[in-house]
Amino acid sequence: MSGIEIRNLNKRWTTFDAVKDVNFEVKPGSLTVLLGPSGCGKSTTLRLIAGLDAVTSGQIFIGGKDVTGQPPAKRGLAMVFQSYALFPHLSVAENIIFGLKVRRVPAGERTRRLKKAVDILGLGALLDRKPSQLSGGQQQRVALGRAIVAEASVCLMDEPLSNLDAQLRHEMRKEIRTIQQALGMTMVYVTHDQIEAMSLADQVILMRNGRIEQKADPVGLYLRPATSFAARFIGTPPMNLVSLADGPAGAIVKGSSGPALIEGKGEGLSLGLRPEEIRIEQDGVVPAVIRSIEYHGADSILECSVGDQILQVRVEGIRRQSVGDQIRLGWLPDAMHVFDESDGNRVERRVLVGQAAGERALRVVP
Ligand SMILES: Nc1ncnc2c1ncn2[C@@H]1O[C@H](COP(=O)(O)OP(=O)(O)OP(=O)(O)O)[C@@H](O)[C@H]1O
């Protein structure tokens, strides 16, 4: 099994830096997702690893070997694209083994690998069909089949599921993860879909404007976002971010009947609260009014005003509240995230929970 290491990677297109100082490692047999908004440099990073574009500077190691100057075919990897890239005139079987033929893999070996891939993917009944006679999900399986027969220990995927409907995406996602683990593949997977990233990855690399914003496992990314950008990118609806100076957090504190405290300076800091961490409680310290309710079935999103600010609150089950209701909100100390407003970075040590405030208030230590 081969791991991947990326050192100080940069890619400049004429005057535009698409990838800036990117460093990360992918452990052998693990799955790393490159995640981020459109244009953040995910696909460019993947293409540089594949050797489809040349780096401006930096190094790429696969299996401990520096492959930075090597052509794609010499890098020992398989790729799956969003477009599937199937040949319309070839059958499913021919499409799957096409690459093996090009590489002059002997016929017996081709048949063995084809059978293995077909068994894994359940394509047995479709081998003689042409791509036009397949559904989107089936075409995607054929593209995966190509990656499996290549028996490359490294597989790169660029938004492979984006042409599929939600249900099929979900199924294929599970299938990709199962195959990756069963075959022990080292995988780098590009997506802009946070749910896909969170459910697939051992490691998520969140990118923004060509740089790495945060690298962490999915749990770490959710529980301890390194920046306010990371905090808002992961989670639906996104984390509430309110200014501690004179924004809603100020209102939250001023409006509270309990001894909620901000000590020292709150200026320049913002408070982050995930909608699912805020509870409606009879003795909650924060009075609020429900402005709107969005019913989702398993849960509902309440838009609540606190002073002249808005907090989104996620409540489970059947909603008992109505628009216009006056409620009180509370949350546990661990639910609070604090960020520096100037650079967006997470602030760890300046926050304490006020003991006197029944563990529900915030104390910012200067
Ligand atoms: N061949 C190119 N020439 C010039 N600029 C390019 C080229 N390829 C990509 N870019 C620019 O580099 C930036 C990063 O593009 P990239 O495709 O890596 O983003 P991405 O994160 O994969 O986005 P998306 O999710 O939309 O595919 C974009 O601003 C894009 O316009």
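1. Let me start with a loop residue. Glu-159 sits in the loop between strand E7 (154–158) and H5; helices (H or I, at least four residues) and strands (E, at least two) are DSSP runs, numbered from the N terminus. Although Glu-159 is not a glycine, its phi is positive, about 45°. Glu-159 counts as partly exposed because it has 19 C-beta neighbours inside 10 Å. For that wording, a residue is buried if 20 or more other C-beta atoms lie within 10 Å of its own, exposed if 12 or fewer, and partly exposed in between, with C-beta atoms placed from the backbone.

2. A word on the basis of these notes. This is a predicted model, in which local features need pLDDT of at least 70 and side-chain atom pairs count only at pLDDT 80 or more, while totals for chains, interfaces and linings use all residues. Residues are numbered from 1 along each chain as its sequence is written.

3. Helix H5 (residues 166–183) has 18 residues, and the distance from its first C-alpha to its last is 26 Å, close to the 26 Å expected at 1.5 Å a residue; the expected span is 1.5 Å times one less than the number of residues. Arg-169, Arg-173, Ile-176 and Gln-180 of H5 are buried. Seen down the axis of H5, these buried residues fall within an arc of 65°, so they line one face of the helix; the arc is that of the directions from the helix axis to the C-beta atoms. Exposed residues on the other side of H5 are Gln-167, Glu-171, Lys-174, Thr-178 and Ala-182.

4. What covers the buried residues of H5? Strand E3 (31–35), strand E8 (186–191) and helix H6 (194–200) are included in that cover, where two residues are in contact if their C-beta atoms, placed from the backbone, lie within 7 Å. H5 is followed by Gly-184, which has a positive phi near 65°.

5. H5 also has a helical partner. The axes of H4 and H5 come within 11 Å and cross at roughly 15°; axes are lines fitted to C-alpha atoms, for helices over the stretch in contact, and angles run from 0 to 180 degrees between N-to-C directions. H4 and H5 are therefore roughly parallel to each other. In these terms, angles under 35 degrees count as roughly parallel, over 145 as roughly antiparallel, 65 to 115 as roughly perpendicular and the rest as oblique. The crossing of H4 past H5 is right-handed. On the H4 side the contact is made by Gly-136, Gly-137, Gln-140, Leu-144 and Ile-148, and on the H5 side by Leu-168, Met-172, Ile-179 and Leu-183. As for handedness, a crossing is left-handed if the near helix is turned anticlockwise from the far one by less than a right angle, and right-handed if clockwise.

6. Helix H3 (residues 107–121) has 15 residues and reaches 21 Å from its first C-alpha to its last, close to the 21 Å expected at 1.5 Å a residue. Leu-114, Ala-117 and Val-118 are buried in H3. Down the axis of H3, the buried residues fall within an arc of 100°, so they line one face of the helix. Gly-108, Lys-115 and Asp-119 are exposed on the other side of H3. The buried residues of H3 pack against helix H2 (92–102) and helix H4 (136–149). Just after H3 comes Gly-122, with a positive phi of about 65°.

7. How do H2 and H3 pack? Their axes are 10 Å apart, at an angle of about 130°. H2 and H3 are therefore oblique to each other, and their crossing is right-handed. Ala-93, Ile-96, Ile-97 and Leu-100 in H2 meet Arg-110, Arg-113, Leu-114 and Ala-117 in H3.

8. Some local backbone details to finish. Thr-14, in the loop between strand E1 (4–13) and E2, is a residue other than glycine with a positive phi, near 45°. Thr-14 counts as exposed because it has 4 C-beta neighbours inside 10 Å. A cis peptide bond joins Thr-236 and Pro-237, with omega about -15°. Pro-237 lies in the loop between helix H8 (228–233) and strand E11 (240–243).
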